[in-house]
Amino acid sequence: QVQLVEFGGGLVQTGGSLGLSCAASGGIFNINTMGWYRQSPGKQRELVATITRSGSTKYADSVKGRFSISRDNAKGTVNLQMNSLKPEDTAVYYCNANIESPGTYFRDYWGQGTQVTVSS
């Protein structure tokens, strides 16, 4: 059974840094795109950053130049390094991965979410 487990998050002051990690486990054949999304109270979930298996990245305009996404294909992990954090980055951050597993063609999986709070 495929699972995504997130690590990291917490409370940080404006201008600080945090790192998030996510590990995929279970019966996995292949992992396509992996990424991070976030959701603030009263808002829709939004894309933060994605990375393809070959390493191509995409970022939301609001985090370009401050956040960096990376992955380890061998370990099935994806990381998000967040620098120069702002109060508006406060949200629950969710890991996402497009995964092929035994008997199941590629589908999206989500982590349980981890809270990031940036104090002003």
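Me: Of the contacts between residues at least 6 apart in sequence, what share joins residues at least 24 apart?
Reply: In this predicted model, 55% of those contacts in the protein chain do.

Me: And the secondary structure? How many helices and strands?
Reply: Zero helices and 11 strands. From the N terminus on, the order is β-β-β-β-β-β-β-β-β-β-β.

Me: What about the radius of gyration?
Reply: The protein chain has 14 Å. A compact globule with 120 residues would have a value near 14 Å, so the two agree. Along the principal axes, the C-alpha trace spans about 50 × 25 × 20 Å.

Me: How much of the chain is buried?
Reply: 41% of the 120 residues count as buried.

Me: Switching to aromatics. How many pairs?
Reply: Two aromatic pairs. One is Tyr-37 with Trp-110: ring centres 5.1 Å apart, planes at 65 degrees, so edge-to-face.

Me: Where do Tyr-37 and Trp-110 lie?
Reply: Tyr-37 is in strand β4 (residues 30-39), and Trp-110 is in strand β10 (residues 104-110). The pair therefore ties together parts 73 residues apart in sequence. Trp-110 is partly exposed, at 37% relative accessibility.

Me: How are the rings of Tyr-105 and Phe-106 arranged?
Reply: Edge-to-face, because the planes are at 80 degrees, with centres 5.2 Å apart.

Me: Tyr-105, buried or exposed?
Reply: Exposed, at 63% relative accessibility. Phe-106 is partly exposed, at 23%.

Me: Last one, charges. How far apart are the mean positions?
Reply: 1 Å, for 11 positive and 8 negative charges.

Methods
Residues numbered from 1 in each chain as written. Predicted model: local features only at pLDDT ≥ 70, side-chain atom pairs only at ≥ 80, totals over all residues. Heavy atoms only, no water. Helix = DSSP H or I, 4+ residues; strand = E, 2+ residues; numbered from the N terminus. Rg over C-alpha atoms; globule rule 2.2 N^0.38 Å. Buried < 20%, exposed > 50% of the residue type's maximum accessible area, 1.4 Å probe, protein only. Contact = heavy atoms within 4.5 Å. Lys, Arg positive; Asp, Glu negative; His and termini not counted. Charge placed at Lys NZ, Arg CZ, Asp CG, Glu CD. Phe/Tyr/Trp six-rings, centres within 6.5 Å; stacked < 30°, edge-to-face > 60°.
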